[in-house]
Amino acid sequence: MADYIGALDSGTTSTRFMVFDHDGNVVALDQKEHRQIYPQPGWVEHDPVEIRDRMFEVIDVGLSKAGLTRTDLAAVGITNQRETVVVWDRTTGQPLHNAVVWQDTRTAGLVADLGGGEGQGRFRAKTGLPLATYFAGPKLTWLLDNVEGLRARGESGDALFGTVDSWVLWNLTGGIDGGLHLTDVTNASRTMLMSLETLRWDDELLEAMRIPCSMLPEIRPSAGMFGTAAGTLDGVPVGGILGDQQAALFGQTCFEPGDAKNTYGTGCFMLLNTGTTPVRSASGLLTTVAYQIGHQPAVYALEGSIAIAGALVQWLRDNLGIIENSADVEALALSVDDNGGVYFVPAFSGLFAPYWRSDARGVVAGLTRFATKAHVARAALEATAFQTLEVLDAMRADSGVELRSLKVDGGMTGNDLLMQFQADIVEVPVVRPVVAETTALGAAYAAGLAVGFWSNLADLKANWGVGRSWQPAMDDDRRLGLIGAWRKAVQRSLDWVE
């Protein structure tokens, strides 16, 4: 068998290709950003062709950097931004609209109409999800209603729908020349079109959202065969697909009920493994599929989703221009002793867990003449930690589990100021593994299990090791004061959109 496993990570802001050895070490990496398109306030789009082209570019360059070829790969796994919707023509392979991104809020009116007298909880028993602009199903309904001719093409089978994993897989396996139209249970569980119990598309949900089943990909387990690649990776088995946050849970080897992780990326996402029985949330969390290995029972998770985390740092860079590079935010924030009384609630797309308030919008509260851009930078970092605390509190309430530590991963974990503040605010140690980019690692693990590169979950757990940890060190009075002020700021963000 070949010596390595590849992973293609098609994220919200960039696409990466990574190669791992049997010990889970990174041996190759290439990454390229793609554009964020904002047609009007609250709308967020990507160009699917750009995503497709970036995929092939990073594969070529990543292999070349390490002096590898496709024959060195035993398999490749895919992980992706979830809930983002792509529709394309089966015959030409061309997108029929820009991708509508998970952060997009254009479906607010449609979501309210779908709720009717039952409100946000109309489909929660079947899907584990509240009605919200976040999820893919209503986005597809909006496209069918607003893109001329799309509904007729969808009903005839000429137009295909998928979350980004399906678009990537279809192109990776040949596109118009035999590309496979598939998805996995984790991505399907984020569409609001799949039953958590049956793991199949649900006729009642499809009828409610007026979506033709002929557009939808076939649902498969997360670790299993998804065909073989064509082109650059010709003949390499595609052995796994996981939505990015489930992939991070898998990469963090959170295989036991009660294991949890928090990923700090464009958004921030905490998942808690709840075993093979779905746990319904009473505290504003999502019930979702964590993963499924082959024909084994699916494993479920509780999830707290935060829309804006690393994206806020990008906003400071791109929209305000107060930093030149995202990495500069830590030094700027460290140039002051504290936040100066400034709190930043980044409700750019409303507030996700545990509030689920699409009427919220971003606010900066507590400004005085004393405040500087350094205080704003510090408040931006602290916002991620405060939002994580609120999700963790909801998880404690739903699960009854008290975490002994918080496993973390993602790009923002390289920020020591944020990680220390996070440990202080949640009052448990924060632990980062040796390989912090666990999203791609999780996809590699799933693909490797499918082809026997790794024999079992114990092999994967043996690879996990602590890279760094941060211990809580803040006194209670200060911590409670900060939390109280944050919650006041959150209240100021609500009821902004009529």
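Me: What makes α6 "mostly covered"?

Reply: This is a predicted model, and in it nine of the nine residues of α6 are buried. Buried means under 20% relative accessible area. Among the residues below that cut-off are Val-164, Asp-165, Ser-166, Trp-167 and Val-168; Leu-169, Trp-170, Asn-171 and Leu-172 are buried too.

Me: And what does α6 lie across?

Reply: Helix α6 (residues 164–172) lies across β1, β5 and β11. The helix runs at about 145 degrees to β5. Just after α6 comes Gly-174, with a positive phi of about 125 degrees.

Me: How do you know that Ala-229 is buried or exposed?

Reply: Look at its relative accessible area, which is 3%. The cut-off for buried is under 20%, so Ala-229 counts as buried. Ala-229 sits in the loop between β10 and β11.

Me: What is Ala-229 in contact with, apart from its neighbours within four places in sequence?

Reply: Contact means heavy atoms within 4.5 Å. By that rule Ala-229 touches Leu-172, Thr-173, Asp-234, Gly-235, Val-236 and Val-238. Take Thr-173: it is 56 residues away from Ala-229 in sequence, yet their C-alpha atoms are 4.4 Å apart in space.

Me: Which strands form the open sheet, and in what order?

Reply: Five strands, in the order β3-β2-β1-β5-β11, with mixed pairing. β3 and β11 stand at the edges: each has a single partner strand, so one side of each is left without a neighbour in the sheet. On average, neighbouring strands here are turned by 15 degrees against each other, ignoring direction.

Me: How do you know that β2 and β3 pair?

Reply: Two strands pair if there are at least two bridges between them. β2 and β3 are joined by seven bridges, so they meet that rule. These two strands run antiparallel, and Met-18 stands opposite Leu-29 in β3. Then there's α9, which packs on the sheet: α9 touches β5 and β11, and its direction makes about 110 degrees with that of β11.

Me: What makes β18 and β19 a pair, and in which sense do they run?

Reply: The rule asks for at least two bridges, and β18 and β19 have two, so they count as a pair, in the parallel sense. Lys-407 stands opposite Val-431 in β19. From β19, Val-430 and Arg-432 point one way while Val-431 and Pro-433 point the other, and all are buried.

Me: Why is β8 called mostly covered?

Reply: Five of its five residues are buried, that is, under 20% relative accessible area. Both faces of β8 are covered: Ala-159, Phe-161 and Thr-163 are buried on one side, and Leu-160 and Gly-162 on the other. Strand β6 runs antiparallel to β8 and is joined to it by five bridges. In β8, Gly-162 is the bridge partner of Val-86.

Me: What makes one space a pocket and another a cavity?

Reply: A cavity is a set of points where a 1.4 Å probe fits but cannot get out, while a pocket is an open set. The largest pocket holds about 850 Å³ of space. It is lined by 38 residues, with Thr-13, Tyr-264, Gly-265, Thr-266 and Gly-411 nearest its centre. α10 gives the largest share of that lining, five residues. By class the lining has ten nonpolar, 19 polar and nine charged residues.

Me: And the second largest pocket, which element gives the most to its lining?

Reply: α10, with six residues. That pocket has about 620 Å³ of space and 24 lining residues, of which Tyr-38, Val-44, Trp-315, Asn-319 and Phe-348 lie nearest its centre.

Me: How many cavities of 30 Å³ or more does the search find?

Reply: Three, over the whole structure. The largest cavity has a volume of about 90 Å³, and its lining of 15 residues includes Ile-306, Leu-351 and Phe-352. Elements giving two or more residues to this lining are β15, α12 and α16. By class, the lining of the largest cavity has eleven nonpolar, three polar and one charged residues.

Note on methods:
Residues are numbered from 1 along each chain as its sequence is written. This is a predicted model: local features need pLDDT of at least 70, side-chain atom pairs count only at pLDDT 80 or more; totals for chains, interfaces and linings use all residues. Side-chain values use heavy atoms; hydrogens and water are left out. On a 1 Å grid over the protein atoms alone, a cavity is a set of points where a 1.4 Å probe fits but cannot get out, and a pocket is an open set with protein on both sides within 12 Å along at least five of seven lines; lining residues have an atom within 4 Å of a point. Grid points are joined across faces, edges and corners, and a volume is the space filled by probe spheres set on the points. Helices (H or I, at least four residues) and strands (E, at least two) are DSSP runs, numbered from the N terminus. Ala, Val, Leu, Ile, Met, Phe, Trp, Tyr, Cys and Pro count as nonpolar, Asp, Glu, Lys and Arg as charged, and the others, Gly among them, as polar. Axes are lines fitted to C-alpha atoms, for helices over the stretch in contact, and angles run from 0 to 180 degrees between N-to-C directions. Buried means under 20% relative accessible area, exposed over 50%, partly exposed in between (1.4 Å probe, protein chains only).
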